[in-house]
Amino acid sequence: MNVGNTELKAGLILAPMAGFSDRAMRLACRRYGAEYTVTEMVSAKAVTFGDKKTAKIARICADEGPVALQLFGSEPDVMARATEVMSRGVDGFVPPVAIDINMGCPVNKIFSNGEGSALMRDPELIYRIVKATVGATDLPVTVKLRAGIDREHINALECALAAESGGAAAVALHGRTRVEMYSGRANREIIANVKKSLRIPLIANGDITSAEEALDMLRATGADALMIGRGAIGNPFVFAEIKAALAGEPYTPPTVEERVECALLEIRTAIADKGERIAIPEARGRIAMYIRSFRGAAQIRAAVNRATTYIEVEDALHQVIINN
Ligand SMILES: Cc1cc2nc3c(=O)[nH]c(=O)nc-3n(C[C@H](O)[C@H](O)[C@H](O)COP(=O)(O)O)c2cc1C
């Protein structure tokens with residue numbers, strides 16, 4: 001599929017994840033086959049205020065390949081202004097290849113502001129937001145939806161069609177309702193149903209953690225591309241595994257050494273971007289995922305959780321290689 005001029009050959013996308021899909025994770029996933037990645041969500045309002053912290057999240061570097069920038073907000077004019085600003089990219093960095101609009105965030109703070117998944121209560125507003133953002137940029141605009149607000153209100157199709165009418169270039173759909181948050185399983189029937197009626201490309205999302213899940217998702221939905229979130233945290237290798245399966249090629253999982261090196265590189269990249277004081281605490285969750293299946297993981301995790309410097313993290317992770 002294509003998003004504007006960006007061609008996705010295998011159709012493998014890293015999902016936007018606040019607190020995770022920063023440059024360090026995006027680069028790691030790209031190295032293993034993610035063709036397109038999405039930033040953490042950025043507040044449209046904060047962009048229009050010129051907020052410095054927000055600008056840091058929006059930094060994209062040339063070595064990252066195609067990166068879409070995700071905005072959240074609920075007011076068409078604010079979304080349009082933020083889109084205009086973000087389409088140029090942050091000063092000294094490269095612009096995104098697309099603007100993605102968050103219409104799926106279930107978190108109370110966002111939802112109660114009428115943002116994220118709350119937009120799905122009002123397909124007409126979705127239409128107006130997409131139309132306003134499309135009018136504010138030359139970049140393609142995509143949207144990310146959930147199945148609906150709750151089981152009684154499954155309206156992903158109506159919302160996707162509203163986005164399409166507004167000029168969206170593609171829709172990503174997480175097959176869960178807002179109420180479900182991350183529980184149960186993503187519903188593939190709902191994704192298949194939306195795919196059937198949409199003219200623009202549909203990206204399937206939810207619970208893809210292996211090649212088998214990826215192939216199942218494609219078979220069940222006919223989706224044009226796959227978006228992977230939690231399955232890539234501490235496991236960027238999942239992209240290589242899926243890529244090999246799609247090409248019908250054999251796949252060799254990474255060795256323990258490769259996993260540890262990959263984790264350390266991700267941390268070094270995060271430190272280069274954010275400094276040790278911020279990057280080390282933020283990295284704890286990812287490291288836990290990198291090492292979770294290894295012997296002695298609990299002890300090493302505890303050591304990583306105590307660590308405040310890169311050297312301490314490196315020492316702890318080298319213990320993984322010794323133990324396994
Ligand atoms: C920690 C975390 C942060 C997330 N942040 C965002 C976000 O900023 N924007 C967004 O659209 N979705 C966000 N999501 C949702 C994911 O993009 C994705 O839709 C969801 O996790 C389901 O896909 P998965 O099963 O592959 O993880 C987040 C999910 C998690 C677990």
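Let me start with a term: on a 1 Å grid over the protein atoms alone, a pocket is an open set of points where a 1.4 Å probe fits, with protein on both sides within 12 Å along at least five of seven lines. Lining residues have an atom within 4 Å of a point. A volume is the space filled by probe spheres set on the points, and points are joined across faces, edges and corners.

Now, the model. It is predicted, so local features need pLDDT of at least 70, side-chain atom pairs count only at pLDDT 80 or more, and totals for chains, interfaces and linings use all residues. Residues are numbered from 1 along each chain as its sequence is written, and side-chain values use heavy atoms, with hydrogens and water left out.

First, the largest pocket. Its volume is about 640 Å³. It has 24 lining residues, and nearest its centre lie Glu 40, Lys 53, Lys 56, Ile 57 and Lys 274. Helices (H or I, at least four residues) and strands (E, at least two) are DSSP runs, numbered from the N terminus.

Next, the second largest pocket. Its volume is about 550 Å³. Of its 28 lining residues, Pro 16, Met 17, Ala 18, Lys 144 and Tyr 182 are closest to the centre. β8 (141-148) and β11 (225-228) each give two or more residues. β8 has the largest share, three. By class, 15 lining residues are nonpolar, nine polar and four charged.

Where is the ligand? It takes the space of this second largest pocket; to sit there, more than half of its atoms must lie within 2 Å of the grid points. Around the ligand are 17 residues, with Pro 16, Gln 70, Asn 205, Asp 207 and Arg 230 the closest. Near means a heavy atom within 4 Å. This shell holds eight nonpolar, six polar and three charged residues.

Last, the polar contacts (pairs of N or O atoms within 3.5 Å). A polar side-chain atom of Gln 70 is 2.7 Å from a ligand nitrogen. The side chain of Asn 205 has an N or O atom 2.6 Å from a ligand oxygen. Gly 229 uses a polar backbone atom, 2.8 Å from an oxygen of the ligand.

Note on methods. A polar contact is a pair of N or O atoms within 3.5 Å; within protein, one must be able to donate a hydrogen and the other to accept it, and residues adjacent in sequence count only if both atoms are side-chain atoms. Ala, Val, Leu, Ile, Met, Phe, Trp, Tyr, Cys and Pro count as nonpolar, Asp, Glu, Lys and Arg as charged, and the others, Gly among them, as polar.
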